[in-house]
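Open your viewer and get ready to select a few residues by number. We will take a short walk from stop to stop.

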Amino acid sequence: MGKCFLIKNVRGREILDSRGNPTLEVDVVTEDGIIGRASAPAGRSRGKYEATEIRDGSKRYHGQGVQKAVKIVNEIVANLLKGKDVRFQREIDQILIEYDGTEDKSKLGGNVLTATSLAIAKAAANSLNIPLYKYIGGSNARILPVPMFLYVCGGKLAATDLDFQEFNAMPVGAKSFSEAMQMGCEVYHFLAEILSKKFGKYSLNVGDEGSLSPPGVSDPEVVFEAILSAIESQGYGGKFVLALDAAATHLYNYESGKYKFRGKELDKNELMEIYIELARKFPLASIEDPFHEDDFEGFAEITRKLSNVQIVGDDLFSSNIRRLKIGIKYGAANTILLKVNQIGTLSEALDTAEFAYRNGYSVLVSERSAQTEDVWLAELAVAINSGQIKNGAPVRSERVAQFNQLLRIEEELGSVAKYAGESYRNPI
Ligand code: PGA
Ligand code: ZN
């Protein structure tokens, strides 16, 4: 006893993410030989307020290598953390944040902070022999999140003609998480049939997160109609709601002040009308990043106008408590997308989530478009009782790994497990 929780070593290595790009994995080893291992995911549709990733910029892997980040872990982080107790997450994260000392985490790197911080939490959970979601969330962690299934993609994440980035659906009418998975998978496979019949076999090509890719379609209404018809023909009419991630930062031109949409240039009001029309015609329950990442006023306006819709800030908040505080003052959005590597450490992400809850905002725990097989994301969603998780399509192993972990957690929690269902925005 005594010594067993102390850190003996911290090691980094370069592994691959689901896009076949390098990413950082960190092992934290205790004096007892217990290992906590975690890796950093990576975004493609990134916002400018995110923590900086350390990448090599050299010839190998087209500049995407993370050997520099590995060196930071092995030569700096290991020295900072050796001898520290893995159970002291907050203190350890604080040491890393203070050493980094930058607003954008550019000294140690957001990828170094995320992989190290989660590896510390896992080493503690493993040492204490309790699941990660209970270690982070305590005995009250019991809510199984509603999965926001990604069915069709556009924008930066798929080769389609769709400007909006993600067309999702949420099985809020399921009775359990496992039933939600069944419903989501059945709809995915039937939607594939519908799309390939209607738009040809190339619809079956998949985007970064396993989404389907109907060619020649640019109208969001056509996509939502197809998704709804797949839902209905599987007997799930009324049991799903729809969700959109416009990722409008990437449609916005700062010089003209206009948004690119279906070959036209739209001003903010015209784009607003499109959202209002979609919400009028469809059971659209959630809209993420409807306007660009600096437009707090636009977010506030749509939050007022579509008062029944969940308005999610991704690029807008970048999981950063400082940006969330600004948003709360404006009344911008009513939900924060939580991506740990946008901010850096686990402790900072937990602060952001708690601050959101205390101010009446919901939290949507989210993957990045490139993941690894590491399942800390699923554990985090249950740990903080978020009630909802965005994890791409219900296909491809890096996505399915998270869903499978949630199935295991549901089984383990047994009678105290609660599927968030219709109350995904406030599931307690
Ligand atoms: P990512 O974006 O590619 O940065 O992970 C996904 C999203 O916009 O939610
Ligand atoms: Zn987004």
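Start by selecting R11, R13, E25, D27 and R37: a network of salt bridges links these residues. Keep in mind as you look around that the model is predicted. How many salt bridges does the count come to? The count is 35, so let's visit some others.

Next, pick R44 and D208, whose side chains meet in a salt bridge at 2.9 Å, N to O. These partners sit 164 residues apart: R44 in the loop between β3 and α1, D208 in the loop between α5 and α6. R44 is partly exposed, at 38% relative accessible area, while D208 counts as buried, at 14%.

Stay in the loop between β3 and α1 and select K48, which pairs with D294 from the loop between β11 and α8.

Now click on the zinc ion (ligand 2). Which residues are its protein donors? They are D245, E288 and D314, lying 2.1 to 2.2 Å from the ion. E288 belongs to strand β11, and D314 to the loop between β12 and α9. E288 is buried at 2%, and D314 is buried at 3%.

Finish at R142, in the loop between α4 and β4. R142 is buried yet has no salt bridge, and E410, the nearest side chain of opposite charge, is 13 Å away. Look instead for the backbone oxygen of N140, 3.0 Å from a polar atom of the R142 side chain. Further along the sequence, R142 has contacts including V382, L413 and I428.

Key: Residues are numbered from 1 along each chain as its sequence is written. Chains are lettered from A and ligands numbered from 1 in the order in which they are written. This is a predicted model: local features need pLDDT of at least 70, side-chain atom pairs count only at pLDDT 80 or more; totals for chains, interfaces and linings use all residues. Side-chain values use heavy atoms; hydrogens and water are left out. Helices (H or I, at least four residues) and strands (E, at least two) are DSSP runs, numbered from the N terminus. Buried means under 20% relative accessible area, exposed over 50%, partly exposed in between (1.4 Å probe, protein chains only). Lys and Arg count as positive and Asp and Glu as negative; His and the chain ends are not counted. A salt bridge is a side-chain nitrogen of Lys or Arg within 4 Å of a carboxyl oxygen of Asp or Glu. A polar contact is a pair of N or O atoms within 3.5 Å; within protein, one must be able to donate a hydrogen and the other to accept it, and residues adjacent in sequence count only if both atoms are side-chain atoms. Contact means heavy atoms within 4.5 Å. Donors are N, O and S atoms within 2.8 Å of the metal (3.2 Å for Na, K and Ca); water is not among the atoms, so sites may look incomplete. Lists of a residue's contacts leave out its neighbours within four places in sequence.
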